[in-house]
Amino acid sequence: MAGQTEFPEGARADGLPAALSDPARLAAVRGTGLLDTGPEPVFEDLATLAARITGAGRAFVTLVDEERSYWKSCVGVDVTGGRENPVRESFCYFLVGFGGDPFTVEDAAHDPRTRDHPGIGPMKIGAWAGYPLLSPEGEVLGSFCVVDESPRTWTEADRATLATLSRSASAEIHLRQSLAASQYAHRLSADLAHTLQRGLLPPALRPVPGLDAAAAYVPASASAHHDVTVGGDFYDLFHAAGPYYGAFLGDVCGKGVEAAQVTSMARYTLRADAGEVLSPAQLLTRLNTAMLTQEAPLFLTAVHATFRRTRAGAAGRVCLAGHPRPLVRRADGRVREMGRPGTLLGVMEDVDLADTRFRLGPGDLLLLYSDGAYEARPAPGAPPEAAREPFGEADLHATLAATHGLDAAATVDRITGALAGHHGGWASDDTALLALRVPERD
């Protein structure tokens with residue numbers, strides 16, 4: 001019996017191997033996620049193959065914890081009474097006690113290691129052959145074994161078969177654990193990316209007296225080749241000085257931590273300088289200098305507007321730095337582009353940037369946006385019937401024109417809805433929108 005067997009790590013008070021209670025091993029067993037789960041084809045197939053090739057009649061894929069042997073798979077066994085037995089009635093503890101060495105018995109009733117074992121009668125064990133299920137770190141998770149009711153000789157072919165199939169079962173367990181760990185890491189990465197992304201955008205737009213404002217950020221969809229990460233599009237709306245406010249929308253060329261670094265630099269540089277300089281062109285020039293001085297890892301396109309409320313509506317100046325030109329939607333639905341193209345930021349010391357003046361009357365709306373707003377396309381691999389041209393600039397203009405009479409929030413919702421309808425829920429690029437509207441007079 002167990003008490004008469006010497007195990008390398010010693011025995012517990014009940015005579016069973018002390019290795020059964022090793023915390024690291026027990027954690028590895030629980031980490032498989034297989035305890036108390038039902039049969040699955042892959043393990044059933046391996047056990048069936050072992051029983052058939054060896055002719056043993058019964059085969060098990062077993063996980064062994066501190067007190068029991070749980071049969072993840074069992075072939076040739078009536079399981080109406082359950083899929084487990086006490087560990088003391090199982091031969092599997094020999095594998096654990098001997099550190100994962102294979103354990104075979106050709107005549108269980110007469111072998112001095114097992115002749116007094118309590119499982120021989122209940123389990124009808126004439127001969128037993130088991131190979132270990134191992135964790136990647138070498139912990140013994142359980143056994144892959146076959147049982148014959150009669151004594152028999154285990155041939156070299158039997159042993160080779162069991163060794164191969166036990167490795168296959170272990171590999172399947174490793175694969176599942178790796179997949180689960182990968183999925184967890186992906187979820188954690190996505191959560192962290194979303195948290196960081198939210199931190200780079202204002203939690204709520206600052207109210208501007210006499211105007212209504214709305215914004216939206218839609219991240220690019222993850223794909224089989226690209227995980228969820230921090231995007232490069234961002235926006236801000238803030239008080240500058242006196243009656244003036246600033247509206248900014250940028251697009252960093254890149255994603256991840258470096259994009260977050262540039263985003264943070266841009267937001268805080270503009271906010272810090274806005275109280276001293278009201279010219280958008282001068283502000284963006286200062287940002288360009290800061291990016292070069294601090295060796296920003298990525299370049300940036302941006303649009304910045306400085307404006308104030310007037311009796312007639314709003315007036316201001318806008319500057320473009322390599323960014324798509326903003327759109328003005330007049331109260332009657334007419335849409336026009338505004339601003340002069342300029343140099344992107346973070347690449348050259350000398351930049352060509354210029355301010356363009358604008359005015360908004362009652363019902364007029366100013367839309368700042370990133371290039372994701374006119375590059376929407378169906379997901380890769382979409383069926384042929386979903387194939388269509390990208391949602392281009394003309395589509396954006398038409399969608400905006402159709403929103404006349406809507407406030408800023410409804411306008412932004414209408415545009416994001418049109419984009420989602422075009423790409424079917426799969427966004428190929430990040431998209432940022434920022435709308436400012438002068439309410440119509442009563």
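Me: Why is S143 called buried?

Reply: Its relative accessible area is 0%. Buried means under 20%. The value of 0% falls under that cut-off, so S143 is buried.

Me: Which residues is S143 in contact with, leaving aside its neighbours within four places in sequence?

Reply: S143 is in contact with F60, V61, T62, C92, L95, W128, Y131 and L133.

Me: W128 has an aromatic ring. What cluster does W128 belong to?

Reply: One aromatic cluster is formed by F7, F91, Y93, F94, F98, F103 and W128.

Me: How many aromatic pairs does a search of the whole structure find?

Reply: The search finds 12 aromatic pairs. One of them joins F94 and F98.

Me: What makes the pair of F94 and F98 stacked?

Reply: Two values settle it. The ring centres of F94 and F98 are 6.4 Å apart, and the limit for a pair is 6.5 Å. The planes are at 20°, and under 30 degrees counts as stacked. Therefore F94 and F98 are a stacked pair.

Me: How do you know that the rings of F94 and F103 are stacked?

Reply: The centres of F94 and F103 lie 4.3 Å apart, within the 6.5 Å limit. Their planes are at 5°, under 30 degrees. So this pair is stacked.

Me: Is F94 buried or exposed, and why?

Reply: F94 has 1% relative accessibility. That is under 20%, so F94 counts as buried. F103 is buried as well.

Me: Why is F98 called partly exposed?

Reply: The value for F98 is 24%. Buried needs under 20%, and exposed needs over 50%. The 24% of F98 lies in between, so F98 is partly exposed.

Me: What lies over the face of Y268?

Reply: R267 does, at 5.8 Å from the ring centre. The distance limit is 6 Å, and 5.8 Å is within it.

Me: On to helix α2. How do you know that its length agrees with what a helix of 14 residues should span?

Reply: Helix α2 covers residues 41–54. At 1.5 Å a residue, it should span 20 Å. Its end C-alpha atoms are 20 Å apart, so the two values agree.

Me: Which residues of α2 are buried?

Reply: They are F43, L46, A47, A50, A51 and T54.

Me: What comes just after α2?

Reply: G55 does, with a positive phi of about 70°.

Me: K124 also has a positive phi. What makes K124 worth a look?

Reply: Its phi is near 50°, a positive value in a residue other than glycine. K124 is in the loop between α4 (120–123) and β5 (127–134).

Me: Why is K124 called exposed?

Reply: K124 has 53% relative accessibility. Exposed means over 50%, so K124 counts as exposed.

Me: Where does E295 lie, and why is E295 called exposed?

Reply: E295 lies in the loop between α7 (280–293) and β10 (300–309). Its relative accessible area is 66%. That is over 50%, so E295 is exposed. Phi of E295 is near 50°, a positive value in a residue other than glycine.

Me: A373 lies in a loop too, between β15 (365–369) and α8 (393–401). Why is A373 called buried?

Reply: A373 has a relative accessible area of 0%. That is under 20%, so A373 is buried. Leaving aside neighbours within four places in sequence, A373 is in contact with F391, L396, L419, T431 and L433.

Me: How confident is the predictor overall?

Reply: The mean pLDDT of the protein is 87. Of its residues, 86% reach 70 or more.

Me: Which elements have the lowest and the highest mean pLDDT?

Reply: Helix α5 (residues 156–200) has the lowest, 76. Strand β14 (residues 355–360) has the highest, 97.

Me: Where is the pLDDT below 50?

Reply: It is below 50 over residues 222–228. Where pLDDT is low, the predicted coordinates should not be read in detail.

Methods
Residues are numbered from 1 along each chain as its sequence is written. This is a predicted model: local features need pLDDT of at least 70, side-chain atom pairs count only at pLDDT 80 or more; totals for chains, interfaces and linings use all residues. Side-chain values use heavy atoms; hydrogens and water are left out. Rings of Phe, Tyr and Trp (its six-membered ring) pair if their centres lie within 6.5 Å; planes under 30 degrees apart count as stacked, over 60 as edge-to-face and the rest as tilted. Buried means under 20% relative accessible area, exposed over 50%, partly exposed in between (1.4 Å probe, protein chains only). A charge sits over a ring if NZ of Lys or CZ of Arg is within 6 Å of the ring centre and within 35 degrees of the ring normal. pLDDT is the predictor's confidence in each residue, from 0 to 100. Helices (H or I, at least four residues) and strands (E, at least two) are DSSP runs, numbered from the N terminus. Contact means heavy atoms within 4.5 Å. The expected span of a helix is 1.5 Å times one less than its number of residues.
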